[in-house]
Amino acid sequence: MDHEKYFLKKSAKVEAALARFLPRANEHPASLSQAMRYAILSGGKRIRPILTLASCEAVGGKEEQAMAAACALELVHGYSLVHDDLPCMDNDLMRRGKPSCHAKFGEVTALLAGDALLTKAFEVLARDKVKGEAIQWIAEAIGHQGMVGGQALDIEFQNKEMDLPTLEFVNTHKTGALIAVSTRVGAFLGGGSPAEVKALHQYGKTVGLLFQLTDDIMDGQGYAKAIGSHDAREEAARLLKKAKQALTPFKAKSHILSAIADFVANRKN
């Protein structure tokens, strides 16, 4: 299947599943339910859930084996964006061309919506009886050892110059950890062997770093500022090659994952 058609098909399925998992818009308390739906269903590339499903399929698994986990990871991503936009964090009034959650619903409701989305993610995992190892990996990837830890360090250095090791820690944790666990969990739930899970986890870690590096190149910040735009582009090319090398054992089954790596490397927004 053409990768663009694959993305559209999987995005539509993820969107429909997310709409089912979220509370109805009129469910009491309605303001909270509406804020949760707004945060998740207001667009987005769905890269993390698509990575989860594609990794599952690369090891011979079926979409339904990983759909709940894919949606849970997108709920976690949504919660992180809601909280990142808050006045106490990045204070962003726009998200994906629309008012951010707190700009539309107020700071308190947005804060609680983020809390509820994170909690909903683990409810979805538990309801689907997702294996404990996968739940543990997700928790580790998004907690103080992962995404939240990276965010904390990023805030700590907001007004200080980061050296390269600190910058790499922030990028591999704040952005990269959730992307990496998406591929790890997808491969695991699809029945992949330990070697296959390890290979796709390595692919995910590399793509996660590539994702942030591409952001830095577009913004002229982070790596691009620290090592220069030219060297940052060379590093991006190296990471893309490394991501594709991790897919070698999967041959034709990895063409979607290879296309996702290309998309991440070449995106413009």
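**Notebook: a cavity and a helix pair**

I note here that the model is predicted.

I looked up the size next: the largest cavity has a volume of about 120 Å³.

Which residues lie nearest the centre of the largest cavity? I listed Tyr38, Ala39, Arg95, Arg96 and Cys101, out of a lining of 13 residues.

I then traced the lining to the secondary structure. Helix 2 (30-41), helix 4 (63-85) and strand 2 (98-99) each supply at least two residues of the lining. Helix 4 gives the largest share, with four residues.

I sorted the lining of the largest cavity by class and got six nonpolar, three polar and four charged residues.

New entry, on helix packing. I recorded an angle and a distance, because two packed helices are described by the angle between their axes and the distance between the axes.

I took helix 1 (residues 3-21) and helix 3 (residues 47-58): they pack at an angle of about 110°, with axes 10 Å apart. Angles of 65 to 115 degrees count as roughly perpendicular, so I put helix 1 down as roughly perpendicular to helix 3.

Which residues make the contact? From helix 1 I wrote down Tyr6, Phe7, Lys10, Ser11 and Val14. From helix 3 I wrote down Pro49, Ile50, Leu53, Ala54 and Glu57. By class, the contact of helix 1 with helix 3 has seven nonpolar residues, one polar and two charged.

Terms used: Residues numbered from 1 in each chain as written. Predicted model: local features only at pLDDT ≥ 70, side-chain atom pairs only at ≥ 80, totals over all residues. Heavy atoms only, no water. 1 Å grid on protein atoms, 1.4 Å probe; cavity = no way out; pocket = protein on both sides within 12 Å on 5 of 7 lines; lining within 4 Å. Points joined across faces, edges and corners; volume = space filled by probe spheres on them. Nonpolar A, V, L, I, M, F, W, Y, C, P; charged D, E, K, R; others polar. Axes fitted to C-alpha atoms, helices over the stretch in contact; angles between N-to-C directions. Parallel < 35°, antiparallel > 145°, perpendicular 65-115°, else oblique. Contact = heavy atoms within 4.5 Å.
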